[in-house]
Amino acid sequence: MSIEGRKFFLCADDVYNVDFLDIDYSIASFADAPIITASADENDVNIFASQITSSTARLNFSAKITGRVTYIITE
């Protein structure tokens, strides 16, 4: 998808008792490593992205979580 010429990828995954989530957004065909913004149902958990490439990344959680994780990936 794109808005005003910028590509983005939006997804939500349900997780159960995990402390990281590997994501694959290769379908978006980003040329470079994108910007990743993520949030979770559990507001007391911090999320940060690592191992970011043009097609995959890992979302790391500050504690094990169960619930829905939503992420937006933009150029």
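## Basis of the report

The model is predicted, and local features need pLDDT of at least 70, side-chain atom pairs count only at pLDDT 80 or more, and totals for chains, interfaces and linings use all residues. Residues are numbered from 1 along each chain as its sequence is written, and side-chain values use heavy atoms, with hydrogens and water left out.

Helices (H or I, at least four residues) and strands (E, at least two) are DSSP runs, numbered from the N terminus. Two strands are said to pair if DSSP finds at least two bridges between them. Strand 5 covers residues 56-74, and strand 2 covers residues 6-24. These two strands pair in the antiparallel sense over 14 bridges, and Phe8 stands opposite Thr74 in strand 5.

Strand 3 also pairs with strand 5 in the antiparallel sense, over 6 bridges; here Ala38 stands opposite Tyr71 in strand 5. Strand 4 (residues 47-50) runs antiparallel to strand 5 and is joined to strand 5 by 4 bridges. Ala49 has Leu59 in strand 5 as its bridge partner.

Contact means heavy atoms within 4.5 Å. Leaving aside residues up to four places away in sequence, Asn60 touches Asp19, Phe20, Asn46, Ile47, Phe48, Ala49 and Ser50. With Ser50 there is a polar contact between the two side chains, at 2.8 Å. A polar contact is a pair of N or O atoms within 3.5 Å; within protein, one must be able to donate a hydrogen and the other to accept it, and residues adjacent in sequence count only if both atoms are side-chain atoms.

## Residues with positive phi

Most residues other than glycine have a negative phi. Asn17 is not a glycine, yet has a positive phi of about 55°. Asn17 lies in strand 2 and counts as partly exposed because its relative accessibility is 43%.

Ser29 likewise has a positive phi, near 55°. Ser29 is found in the loop between strand 2 and strand 3 (35-40), and is partly exposed, with a relative accessible area of 47%. Gln51 takes a positive phi near 50° in the hairpin of strand 4 and strand 5, which has 5 residues between the strands.

Notes
Buried means under 20% relative accessible area, exposed over 50%, partly exposed in between (1.4 Å probe, protein chains only).
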